[in-house]
There are 2 protein chains.
Amino acid sequence: MSESKLQLTLKTAKGTKDWADKDMVIRQHIFQTLTNIFKKHGAITIDTPVFELKEILQGKYGEDSKLIYDLKDQGGELCSLRYDLTVPFARFVAMNNLDKIKRYHIAKVYRRDQPAMTKGRMREFYQCDFDVAGTYDAMIPDSEVMSILVDGLTSLGIDDFKIKLNHRKILDGIFQIAGVKDEDIRKISSAVDKLDKASWEDVKKEITVEKGQSEAVADVIGKYVKLKGSLGEVIDTLQKDEGILANEKAMEGLEDIKLLKDYVESMEIDSYISFDLSLARGLDYYTGLIYEAVTAASAPPKDAEEKKEQALKAKSSKKNKKASKTGEEDDASAYVGVGSIAAGGRYDNLVAMFSEATGKKSAPQIPCVGVSFGVERIFSIIKARSNLDKISSVSTQVFVMAFGGGPEWNGLTKDRLRILKKLWDKGIEAEHMYKGKVNPRKQFDAAEKSGAQVAVILGKEEYLEQGKLRIKKLGPEYADDDGELVDAADFVQLVEKKLDEMKEANGGLDEITKLVKGI
Amino acid sequence: MSESKLQLTLKTAKGTKDWADKDMVIRQHIFQTLTNIFKKHGAITIDTPVFELKEILQGKYGEDSKLIYDLKDQGGELCSLRYDLTVPFARFVAMNNLDKIKRYHIAKVYRRDQPAMTKGRMREFYQCDFDVAGTYDAMIPDSEVMSILVDGLTSLGIDDFKIKLNHRKILDGIFQIAGVKDEDIRKISSAVDKLDKASWEDVKKEITVEKGQSEAVADVIGKYVKLKGSLGEVIDTLQKDEGILANEKAMEGLEDIKLLKDYVESMEIDSYISFDLSLARGLDYYTGLIYEAVTAASAPPKDAEEKKEQALKAKSSKKNKKASKTGEEDDASAYVGVGSIAAGGRYDNLVAMFSEATGKKSAPQIPCVGVSFGVERIFSIIKARSNLDKISSVSTQVFVMAFGGGPEWNGLTKDRLRILKKLWDKGIEAEHMYKGKVNPRKQFDAAEKSGAQVAVILGKEEYLEQGKLRIKKLGPEYADDDGELVDAADFVQLVEKKLDEMKEANGGLDEITKLVKGI
C-alpha cells in the first residue's frame, strides 16, 4: 500500500482537466449568454444522467461508436458514458411519449478520442445544445435554429464565422446519381465528410480503393461536392442540373433549401451561410439539413496568426455580408481546416427508432432539429481575445478589518463576525482575515487581493468605547480618503451607498461583459 | 441485432433519473440560491472531471469505498467516477500547490448504493459544496461554514432543522478513555455513526460481537455518546468529567468547541446547534469538527406526517431558538431517523496525504473545512411545500400570430420571422407556431400554453396594406381588450411597455421566488 502510494502521480485523467479562476469566469459567461438566448426562444432545460444503458447508445454514432466510454461491469446493468446530448434527448422524448418539446441542455459529454488540448479537443467536454422536437411545417424551426446559432456566436463577440450548410437528402441524391448502392451511402458519406481536412484526391482514394467504388462513381461525386457558394448561387446551379432534376430525393432537399433561403433572408442571417455540398457530417442519425459554423480564429495557436491573416485577406466579417448579398464569390475556403465551433442538423427518425425498438408497431415519428455549440473551442477564442488582467474570479465587495494592539487586545474576532453577519444578511459579499490578531498592513493587502471595494474598520477605541465603525473606499485613488465614522448600529446602509457610488463610477457593467463587448 | 433491439427497454440506468419541467425549475432555484450565498463569502468556483484516476479515490472513504463506480478498462489509465467533491478538491489543491482557496462546487457525484428514490437516495446525485482551505486561526472559518449552512437552508425556506455537531478529537478521546486501540478507532467510530438509525443495543452488539471490543469498553463509549444538548450544556458536562479532563485529545477538541460557541453566538446561529456526541460520520478523512443538519421534513412521504407532527409537538422553529437560549433541554431526538440535508466537517490531512503520496518528504499540511448541501433531499422538501400549479417552466413573454385566410394567404411566415427577429434582438422571449397557415384559435391556445403575456398580431389587411401590427395583452382578464394598432416600424417599444406594466401588476417577482418566500 505505502509503496504504491509513493508512485502516485497527481494528475487528472488523460483528456480531462480542472477548470478554475479566470477560465471558469469566461466559461460561465459563455453558458449564461447561451442560456439567455435559448430561453428567448421558449426553451426549457432538462438534465439526463451522465451514463445511459449501453444499448441506448449502441448503433447511433457510426464509425465513432468505438470512442464510447463504458462503465466496468460491477454487477447489474451495463452502462456507458454519454457521447453527446442528442441521443439521450431522443431517448427522453421517446420514453416520455412527448409529441413536442423545445429544450436546451448544457452538460458534459465523453469521447475516448486522441486529446489535442491546444485545439480544444478533450475527452470530457461541455456541449450546449438547443433542439426542437415536433411535427411542424418545413424549415420553420430549422431557420429559427440557424438564427440561434448566429445570435449565440455574435452575442459572444464572434462574428468572423461562416455556416457551412448542406442537406442529407441532396447528398444522398448525389450518391444515387453517381450510382452508389443504398447500403454503401453512409460509409461514402463519411469519406466525403473528411473533405474539410483532406484533399479531394485523398478522399477519392478512400472512396475507390478503401470503399470499393468505381472511378466513374467517384468522379460524379467529385463534380457535385466541389459546389459551394451562397444559397442563391448553388440553388441556381442545382436547378439547372439534369441529374438533380431527375432525382426525387435531391429535389425534396432542394425544395427545403429554397424555403430556408426565404426564411433566413427574413431574419437577415443569410450572409453567414455558405451552401457547401462537401459537408457531410459523420453522425448516422441526420436526415435533413446539416450545418457547421467554422472560423479562422479557432485554429490552434501555432498557426492561428497565419490563418487569421488568410481570413482577413479574404474578407472581413462586414465585407462578408456584402459579398453574399451582392452575389460575389462566396469563398469559405479561408475557414477550411479549423474546427467547427457550432454544428447541428435535422434528425427525423431517431426518436421513432427508440420507440420502435421497444416493440411498438406504429411509433409516431417525432422530427427533430437542433444545434450544439462547441464550448471549448469558443472558450479558446474568447480567452485569446480577452485581457485576462481585467477579469476577476472573485466578487468580494466589502472587507471587514480590526485595528488595535497590545497584549490585551484579542483582535475583536467576535465583533468582526457580528458585523460580517449583518452584511451577509443583506446579500453583501464580505470577507475578513481568518485570524485572531493581525496587523493593518496585512489586512489591507488581503482586502486588495479579494477585490473588495469598501473596508469596514473596527478601530480599537472607536469601536469599543464609542460604538463607531469606519467605512472607507478602497483602491489607489482613495489612498488619502480616511473614510467616515458611523454608528455601528446602522452602518450597513452607508456601506450600500458607497458600493452604489463605486459601481456607478465603474459604468455599472461587470468586467467580463465589458471585455466581450470590447468596452 | 434487430432481435436484441426489440427487447430494448427505454429507461435510465438504475438509481438515475431525468430531470425536467417544474422539478428542474425548483432545482435550479436551489442552485442559484446557494451559489449566491457562496459568492457572498468570497468563494470562487472550480470544475473537476467526473472521473478521476482510480488511485486518487482509493483509501479515502473507509467502508464506503465499495460503492465507487469504476470505468471499464478500455486501454490506458484506470479511472473511477467521483464519489464526492471533497477528495477531488483536495487533489486539486495538492496538485496546484495552493496554500489557500475558498471554493464552491455544484456537480454530480456517483455511488453504487441501493437506490431509495422516495428518500432522495440516488446513484447519481448533485452535491453543493463550499470549502475553505488554508492555515487559519481555530474555528474562524469553521464558524463561517456553520453560518453558510444556516443561511443556505433558511434562504431556501427551510428553518425547522437542527445541526448535530461533534468533534472527531473528542470522539477519539472518548474511544481512548474507553480503551479502544488506536488502529480500531475508525471501525468503532463507524459503528457509533449508525446511532441515528439504530438503537444503542444494536450498536453495542456491533462493537462487541462484530468488532471484538469488551462489554466494559462498550459501556464507557455508551455513557459518552448518549450526551447531547446545547453547546453550553454539553461543554459544562464534559468540563466536569474526569475522563475527559485527563485526555489530551478530548481537551483539544473541547477548546475548539468553546471557541466555536463564542463565534456562533456572535452570528446568532447557536440556536440551530445541538452538540451530540453520538455523531461520528462515516468518512475516514475528518479530523476535527463534524456536523449534519437534520429535519423532520426530509422523512420519506409515507411517514412524513407522523414525523412532522412529532417535530411540531417537540418544538416549533421559533420555540427552538428560545429553548436553546434559555438553556432549556435541547432535544434533537424528534429529528432522528431522517436523512441529513447538509453535512460537513474539518479534514486537515487530506491535502497533505496527496502531496506526500507523490513522494514529497515534507508536504505542507493544508487544513480544510467545508459543508455539502444534500440537494436531492432539499429538493424533496421544497417540492412538497410548493404549489406546483404556480410554477412555470417556460418564460415566454410574447407570442407572434398571423390572422388571415383564403387560398392565396400564405400565413405570413416570412413576416412573422421578421417580427420575431426584432423581438429576439431586444432580448425578449418570443415564440410563434411553427406552421405556415394556422387559425387564430389554435394560435391563442398555443400562446396560453407558452405562458406569453403579450401577443403581436399580423392581421392580413392591417399588416399587408397599412403596415400595422396589433399588440394585445393576454390572459382571461384581458379577454375584452382588443389591444392597440401600431406601426410595424416601431412596435418593439410598445411591447416592452406592455410587458413592464404586466410585470408591475405581478409584483415584479418570479413565481418560484414567491413560492419559496411564501408570498
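## Where the chains meet

In this predicted model, 95 residues of chain A are in contact with 95 residues of chain B. Together the two chains bury about 8,800 Å², and 59% of that sits on carbon and sulfur atoms.

Polar and charged pairs show up here too. Between chain A and chain B, 42 residue pairs are in polar contact, both partners at pLDDT 80 or more. On the side of chain A that touches chain B, the residues split into 40 nonpolar, 25 polar and 30 charged. The interface also holds 14 salt bridges. One of them links the side chains of B:Lys72 and A:Asp70, at 3.7 Å from N to O.

## How the copies are related

## A sheet in chain B

Chain B has an open sheet of five strands with mixed pairing, and the order runs E13-E12-E14-E15-E16. Its edge strands are E13 (430–431) and E16 (484–487) of chain B, each of which pairs on one side only.

Take the E13 end of that sheet. Strand E12 of chain B, residues 398–403, pairs with E13(B) in the parallel sense over two bridges. Which residue in E13(B) is the bridge partner of B:Phe399? That would be B:Glu431.

Terms used:
Residues are numbered from 1 along each chain as its sequence is written. Chains are lettered from A and ligands numbered from 1 in the order in which they are written. This is a predicted model: local features need pLDDT of at least 70, side-chain atom pairs count only at pLDDT 80 or more; totals for chains, interfaces and linings use all residues. Side-chain values use heavy atoms; hydrogens and water are left out. Contact means heavy atoms within 4.5 Å. Buried area is the accessible area (1.4 Å probe) that two parts lose on being put together, summed over both. A salt bridge is a side-chain nitrogen of Lys or Arg within 4 Å of a carboxyl oxygen of Asp or Glu. A polar contact is a pair of N or O atoms within 3.5 Å; within protein, one must be able to donate a hydrogen and the other to accept it, and residues adjacent in sequence count only if both atoms are side-chain atoms. Ala, Val, Leu, Ile, Met, Phe, Trp, Tyr, Cys and Pro count as nonpolar, Asp, Glu, Lys and Arg as charged, and the others, Gly among them, as polar. Two strands pair if DSSP finds at least two bridges between them. Helices (H or I, at least four residues) and strands (E, at least two) are DSSP runs, numbered from the N terminus.
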